[in-house]
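Hi everyone, thanks for coming. Today I'd like to walk you through one structure, step by step. Please have a look at it on the screen.

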Amino acid sequence: MRFVQISDLHIGGLFKQDTFDTLVDEVNNDLKPDVIIISGDLTDDGLFFQFEQAKQEIKKFSCKNLIVFPGNHDYRHTGYLLFRQFFPVSAPSGSRVYKFSDPKNKNQTVVVTTVGTARADRDEGEVGFRQNLWLNKILKKYHIPRHPTDQQPQQPQNKNKTIIKIVAMHHHLIAIPDTGYTNVVGISDAGDVLRTCLANDVDIVICGHKHRPWIWNLGTMKIAYAGTACSWRYRGVFEDTYNIIDIADDGKIEIDIKIVGGNRMPLSEVVTQYNPEDRVTRIADMMSPD
């Protein structure tokens, strides 16, 4: 199965229309994902006319499985009221569970759980005690033992069955290089959320917010961050990018970064080729054969 993560459109004064149209073209015609996840900050200021445009722009994607949840910019200027009007979700917090079956492998299911981290007129994110308990309950429901010491689930499972668990949120769960003082503006209760994800064998956590593509590996769990897809709000990476997550029939996961209108490469290369002296990551140069 293929998932495309697009983040931080920032529709408003810093939105790049031509770039977004290029993005739509290559996602619809080249990548053809099974699921698109738009991980927050659809608007720059949470204003009514920006939400109107965001809704029209997002309609351009032909993918039938579209997951959208808010970022901190969407919750400005009472945008927390408008977001639910234009992009309804199952709960005011933004929490929701999606299940996708792999058409090529009936025994493989991908569960995507969105966690709302945006709060009205605040830049920092928060999951909250109740939502974290909810997340823990949901993830345990889909638990399949991976080790002999794991407790058996309440109901018998097909031994060949595989469940891939993705947790999606807007704010970054762990700080990222080259984001300056705003490293502190993440999730205030990140430790609680990390424990929940690790204890429940989450495969991938995907985030946006910092406009800085990156990936952390915590054991078997990957935390993947997307850059800004179509705005001038660059930070450390001065290219419009998004992430591609391919999940093979055997459960193997590959995460690539894609330059809008350009090439793609493994997201891990952004980390391995990082030069702390430059403090600017030139992804296009990394992809160059020279």
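Two notes before that. This is a predicted model, so to speak of local features we need a pLDDT of at least 70, and side-chain atom pairs count only at pLDDT 80 or more, while totals for chains, interfaces and linings use all residues. Residues are numbered from 1 along each chain as its sequence is written, and side-chain values use heavy atoms, with hydrogens and water left out.

Now the overall picture. The protein has seven helices and 12 strands; these are DSSP runs, with helices being H or I of at least four residues and strands being E of at least two, numbered from the N terminus. Of its 290 residues, 55% are buried. Buried here means under 20% relative accessible area, exposed means over 50%, and partly exposed is in between, using a 1.4 Å probe and protein chains only. The accessible surface comes to about 13,300 Å², and 49% of that belongs to carbon and sulfur atoms; the areas come from the Shrake-Rupley method with a 1.4 Å probe, and for residues only the protein chains shown count as cover. As for contacts, meaning heavy atoms within 4.5 Å, take those between residues at least 6 apart in sequence: 69% join residues at least 24 apart.

On to the charged pairs. Side chains of opposite charge can pair when their charged atoms come close. We call it a salt bridge when a side-chain nitrogen of Lys or Arg is within 4 Å of a carboxyl oxygen of Asp or Glu. How many salt bridges does this rule give? The count comes to 13.

Let me show you three of them. In one, Asp246 meets Arg2 at 2.7 Å, N to O. This pair links distant parts of the chain, with Asp246 in strand E10 and Arg2 in strand E1, 244 residues apart. Asp246 is buried, at 18% relative accessible area. Both residues also belong to a network of salt bridges that links Arg2, Asp246, Asp256 and Arg264.

Another salt bridge joins Arg233 and Asp44 at 2.8 Å, N to O. Here Arg233 sits in the loop between strands E9 and E10, and Asp44 in the loop between strand E2 and helix H2, 189 residues apart. Is each partner buried or exposed? Arg233 is partly exposed, at 27%, whereas Asp44 is buried, at 7%.

Arg76 lies in the loop between strand E3 and helix H3, and Asp123 in the loop between strand E5 and H4, so the pair ties together parts 47 residues apart in sequence. Arg76 is partly exposed, at 22%, and Asp123 is partly exposed too, at 37%.

Next, the surface. Lys99, Lys137, Lys141 and Lys161 form a positive patch. Lys141 belongs to helix H4, residues 129-141, and is exposed, at 59% relative accessible area.

Finally, please find Ile259 in strand E11, residues 253-259. Ile259 is buried, at 11%. Which residues does Ile259 touch, not counting those up to four places away in sequence? They are Glu26, Glu239, Asp240, Thr241, Ile283, Ala284 and Met287. Asp240 is 19 residues from Ile259 in sequence, yet their C-alpha atoms are 5.8 Å apart in space.

That's my tour, thank you!

Key:
Patch = residues over 30% accessible without salt bridge, like charges linked within 9 Å, V, L, I, M, F, W, Y side chains within 5 Å. Lys, Arg positive; Asp, Glu negative; His and termini not counted. Charge placed at Lys NZ, Arg CZ, Asp CG, Glu CD.
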